[in-house]
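The report below looks at how parts of a protein chain meet, and at the surroundings of two individual side chains. Please keep the sequence and the model in view while reading.

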2 protein chains.
Amino acid sequence: MKNLLFAFLITFCLVPKLQAKDGYQLWLSYEKIEESKLRQEVGQLFSGIYFFAQNPTYDIIKEEFTRSAEGFLDQKANFLSTRDGDFKLLVGTRSELSQYLGLSQQAEIKNLGEEGYWRGPLEINGKKVYIITGNSPIGVLYGSFDFLKSIQMGEFDLNAENSDQPKVQLRMLNHWDNLDRTVERGYAGFSIWDWHKLPGYIDPRYIDYARANASLGINAVSLTNVNANAWILREDFIEKVKVLADLFRPYGIKVYLTARFSAPIEMGNLETADPLDSDVQAFWKERVQMIYQHIPDFGGFLVKANSEGQPGPHEYGRNHAEGANMLAEALAPFGGNVIWRAFVYSHEIDEDRHKQANLEFEPLDGKFLENVIIQVKNGAIDFQPREPFHPLFGAVDETNLGMEFQITQEYLGQATQLVYLGPMWEEILNTKTYRPGPSSTVASIIDGSDSGQKLTLMAGVSNIGTDRNWTGHLFGQANWYAFGKMAWNPYQDAESIASEWIKLTFGHEQTLLSSIQNIMMESHEAAVNYMTPMGLHHLMGRSHHYGPGPWVEGGRADWTSLYYHKADSQGIGFDRTSSGSNALGQYAPEIVKEWSDPTQIPEKYLLWFHHIPWDFQMKSGKTLWEEMTLHYDSGVKTALEMKKNWQKLEGQLDEERFHHVNQLLSVQIEEARWWRNACLLYFQTFSGKPFPDEIEKPEGDLEYYKSLRFPFAPGIKPNW
Amino acid sequence: MKNLLFAFLITFCLVPKLQAKDGYQLWLSYEKIEESKLRQEVGQLFSGIYFFAQNPTYDIIKEEFTRSAEGFLDQKANFLSTRDGDFKLLVGTRSELSQYLGLSQQAEIKNLGEEGYWRGPLEINGKKVYIITGNSPIGVLYGSFDFLKSIQMGEFDLNAENSDQPKVQLRMLNHWDNLDRTVERGYAGFSIWDWHKLPGYIDPRYIDYARANASLGINAVSLTNVNANAWILREDFIEKVKVLADLFRPYGIKVYLTARFSAPIEMGNLETADPLDSDVQAFWKERVQMIYQHIPDFGGFLVKANSEGQPGPHEYGRNHAEGANMLAEALAPFGGNVIWRAFVYSHEIDEDRHKQANLEFEPLDGKFLENVIIQVKNGAIDFQPREPFHPLFGAVDETNLGMEFQITQEYLGQATQLVYLGPMWEEILNTKTYRPGPSSTVASIIDGSDSGQKLTLMAGVSNIGTDRNWTGHLFGQANWYAFGKMAWNPYQDAESIASEWIKLTFGHEQTLLSSIQNIMMESHEAAVNYMTPMGLHHLMGRSHHYGPGPWVEGGRADWTSLYYHKADSQGIGFDRTSSGSNALGQYAPEIVKEWSDPTQIPEKYLLWFHHIPWDFQMKSGKTLWEEMTLHYDSGVKTALEMKKNWQKLEGQLDEERFHHVNQLLSVQIEEARWWRNACLLYFQTFSGKPFPDEIEKPEGDLEYYKSLRFPFAPGIKPNW
């Protein structure tokens, strides 16, 4: 095996003529079209392309056509300089194309909004052409990417009309990137932002990053860590940011930065950062003005305040609204936004951490300015493998709420595990909140359709780094892709997104497609099973969050595992019903009713809300203990199955990507076993019960698992 | 300009079919052969290749032939499985080929030693074939790379006999890579060693790294920072190291690690690391034994002790020989070596830092075991832009001395400047030491020819990182290349090496070659001029070493600039003659005589050894002050010239590499001006003299330059 691997490695490295499949091209590889009809149709369109205007965004589309014509057809895209030529493909905005469009078609397109697109056939003077249009060049760009995607998936239909528009306004990546290029919770190398070489040196990768995002409709990026450093707000750094903003602008992407609340003290020589202090307000106004001088379309600030040691308005006896509004006032004249995180908790508050965000933000409902949006994590704790939706969704009426998903797999296998997050996000978005309306879901709050909020946002914490394939694990790309698609349309299902991504990444051969889709679709449930089944949560190792640490105790209580699982000889789980912390009471009455009853609550949330005896009888008829061991074991079995199914694909895809994933699946199996063994051996010390015969027995002893140390795990600053 | 750059960027990113010239392939790109005669000859050879045996190294050669046949000829290399076929190219060791070789030829080859090679024509039964041979598979590998290189340079001669052998035994890269993947003084991203994913995941890059090194004859690598962490010596990390050692073995590369002297305390639970303590000795023996169980050909340890805060034998009243020998005894039974650094100084010793290494090591001459080699930096301070050779070379008779060059450009423009280091290294190696013999040079000590030492070493501090082009600046590759060539043969001249590298990297078109060669050959002198001309040294910014800081003072004196330049109203320079620190007295009498006289010492070393009045008359007839300003200014002018000459090459090479270098040359000009302005404005405060008319006047004021801060400069751990 080692020899085979080695033989592979020396075959596939650095070969000059072979088309390297190292993952760098993401879902934009524009592979050769094999079907002759499609080839002929696309070849025709690319033989006569006419753009109705010139602008930087159209230049980008032209480049994309040039690139894809070479890839799809090994042919040059032919751009006509006048409308007299034999045009086949017309590209322009609705107003540019107006002479060719009927009034009803114009109205239809207009309804798609600023970023929507329409593409399809059109007859001009009896001649059939194909048009890509929208209400702005960015809409046209989105339509063009959709057009190219349909070709690459082998699904392009010359006669079909396709249109779409985003349901969420701000579709945003949050980079937790430090200025020294380390990335908090980054597992794909280091930050792609090379601040030292900016503004003088522009890494070509910046452009490929923008292309990839634009192809998904992502239109905003925050470049810096929410655990913020004020240094980014210095003018010499803003000059560096400006270079990126200039590069991203034609792709429709606005740049945001994180604002450290104490910046007025750290860089303004003030003695306070009190949001009601006029010097502090002046500091921020001046700073914002300077930024807009360099970056006229600067997006605004993303802020983490009064959480995990970050400074905030509480230091001055002010609330989050006072803090956020102070920044919002500085930004408003320029059209900027404040994105204020709801991820706020403190061990000094004697309340279940689960409840703290609602306790902070519910009383402030209606107090935030209209260019403020509160960014809420999907669950109330912290991106655990599975969480019930955050109770703030539905709890406020007059506050803009945005979603924060975590694309980087901090708690979900980092970059060594294949875990497709689409199903997890779909589960959250589809969950009924029963508020504001009886049929409301998280998605219908997020996109404003039920909540009526004016400013809408979906943010994802980036999993992008300097690794050649961008995301460390090749399948991490699927999570970036799925995030983009769900931010565009939070109702799209995870399975269809997986299918798209696979076709764009590996081609649309049917058995390959269905095998990979199966692997992806079962991967999240598998990870939940071998990590934190049945509502367990926060069992990971301290600090690095790599691997299991259900025994973690000491120090800040809400950073221990014991705080969350509360295992004892009687049972396990966190009583959050009215007999316990009553975090459950923060949800709508319909939910409170169903979830308060341990026999009615979905078993996947059981231990999240209830402390349950070890011999409690589950729906399966088994005891809680037995059921728990079976969940852990089935997670491992699925991981084994995933690898077996992947190995059947050998020879059906390029060896480089096959071996990349294959190696990582072996690592995943080891890690899954490690999670199962460590957790079950540990919980057995409380349950005192034997392992059922049908599971693979946990190997090793608990002391061994407790002794493991990972001071150099990625995603953290060294702690030695 | 910005628009042009942008147009370039969107053209050259991520294009699927275009052959990306992103620098990843280094000097091994195997571009298509254009000359038809060469094409035909090489095609013939590749049509019938016979290997006399099977082993992992031959497998590598076969892969290299496969790869190069595709690149050179777009053809498959044809390997014959029996000797009956129509063989054209025979590959095997001398003993494997013995039946075809005459006795004198066998003797000739035998004389080339274990790593030498011979390649050339041979007649077998009246049929002319071509053979590549050596005394070991590694020798054959080196011969094969040389064969491929000659083809790529367009210089292959089917009828010529070529042979070579290394003059230095250990040709070694030192990685200053931390276990968290930061790289001390690394400017090309982060460490390519992904410790977290090892041993389960093997990055294909490891193999390309090994190929590149083997192609230069580099046969040893130390993986970890000399500012060492004992964690690497844990068995779980040795299992990771083993994977790399296994991968590198068939390339002839042995793995070394840095040993932290205090490891017995930190990981052995001992209370001492005293080298004469038997528990300490037992700790190391046990640790070494464990390592060799995993890595039977482990190279040994590289040690930095009692320097810059690193622990060492002095803590226990022991000397460096006692420290080194203790480790050497543990390694000797397995054939391992100790490489002990002479870079030892302390601010607690009241002596010119220049003198301290000799004061430590001269008295220990003859005391080191034979598997110990002392690794000495080229100069006595620290890799400054120009230093006179280290006085330890020639000062000891019975001690193995190895050379330590710094490939990474800590003090020479980091990764934003094109500075070819070959001329600097050539200057050092060619300098006459007058000891042990009157014609001895640094090179003749290093290679053992004059010193007679049994163990020889040339080490280079790596400039390799995760950047796609490996070295950050494309021209950093030339420094890696030149180091490898000079380690193989310390007498090879820098210009011919530059010429080779250019041909392998950009092709052998004559004007391109000569233009790039000119740029490279003048680059080092330019950098010396705009940074530290005329023997000035250690003027850089504190900690990050990025940019000028001639005003740096306070804290540890020997880490300030004032300690070294000693500028005052009278003059400038460090008196190291007998009237001063008498560091000069550590050299041979011939040198003392010449360099003691400020009118005789080469002016490039003047201020290194003398404190000279501002109006001292230089050979040019100008005053010292005038001459200094002219040097600084001429450095800037050369940088401007380099860019002008590079821009003339537009269209003669691929745009990606053209623009990469072009952008960086603009940055280099800015940085050169910054050095000149900051240093001259600062020194003017002492000289009190005006700037000559013929120089570009330094802009800005000194306070501005002093105010600049770079907390996120690469190559350091964050210091905030």
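Leaving aside its neighbours within four places in sequence, which residues is D146(B) in contact with? In this predicted model, the residues that D146(B) touches, once those neighbours are set aside, are Y117(B) and R119(B). D146(B) itself sits in helix 5 of chain B, which covers residues 137–152, and the C-alpha atom of D146(B) is separated by 8.9 Å from that of R119(B), a residue 27 places away along the chain. D146(B) counts as buried because its relative accessibility is 15%, which is under the cut-off of 20%.

**A buried arginine in chain A**

R657(A) belongs to helix 21 of chain A, which runs over residues 655–687. With a relative accessible area of 11%, R657(A) is likewise buried. Leaving aside neighbours within four places in sequence, the contacts of R657(A) are K21(A), L474(A), T505(A), F506(A) and W646(A). For T505(A) there is a further detail, in that its backbone oxygen lies 2.8 Å from a polar atom of the R657(A) side chain.

The two residues are set out together here.

| Residue | Helix | Relative accessible area |
|---|---|---|
| D146(B) | helix 5 of chain B (residues 137–152) | 15% |
| R657(A) | helix 21 of chain A (residues 655–687) | 11% |

**The interface of domains 1 and 2 in chain A**

The size of an interface is often given as the accessible area lost when the parts come together. For domain 1 and domain 2 of chain A the buried area is about 1,100 Å², with 55% of it given by carbon and sulfur atoms. On the side of domain 1 of chain A, the residues that lose the most area to domain 2 of chain A are I60(A), Y142(A) and F145(A), which together account for 43% of what that side buries.

Polar and charged links also cross between domain 1 and domain 2 of chain A, where six residue pairs are in polar contact and the count of salt bridges is two. In chain A, a salt bridge joins the side chains of R171(A) and E115(A), at 2.9 Å from N to O.

Terms used
Residues numbered from 1 in each chain as written. Chains lettered and ligands numbered in written order. Predicted model: local features only at pLDDT ≥ 70, side-chain atom pairs only at ≥ 80, totals over all residues. Heavy atoms only, no water. Buried area = accessible area lost by both parts, 1.4 Å probe. Salt bridge = Lys/Arg side-chain N within 4 Å of Asp/Glu carboxyl O. Polar contact = N/O pair within 3.5 Å; in protein donor to acceptor, adjacent residues only side chain to side chain. Helix = DSSP H or I, 4+ residues; strand = E, 2+ residues; numbered from the N terminus. Buried < 20%, exposed > 50% of the residue type's maximum accessible area, 1.4 Å probe, protein only. Contact = heavy atoms within 4.5 Å.
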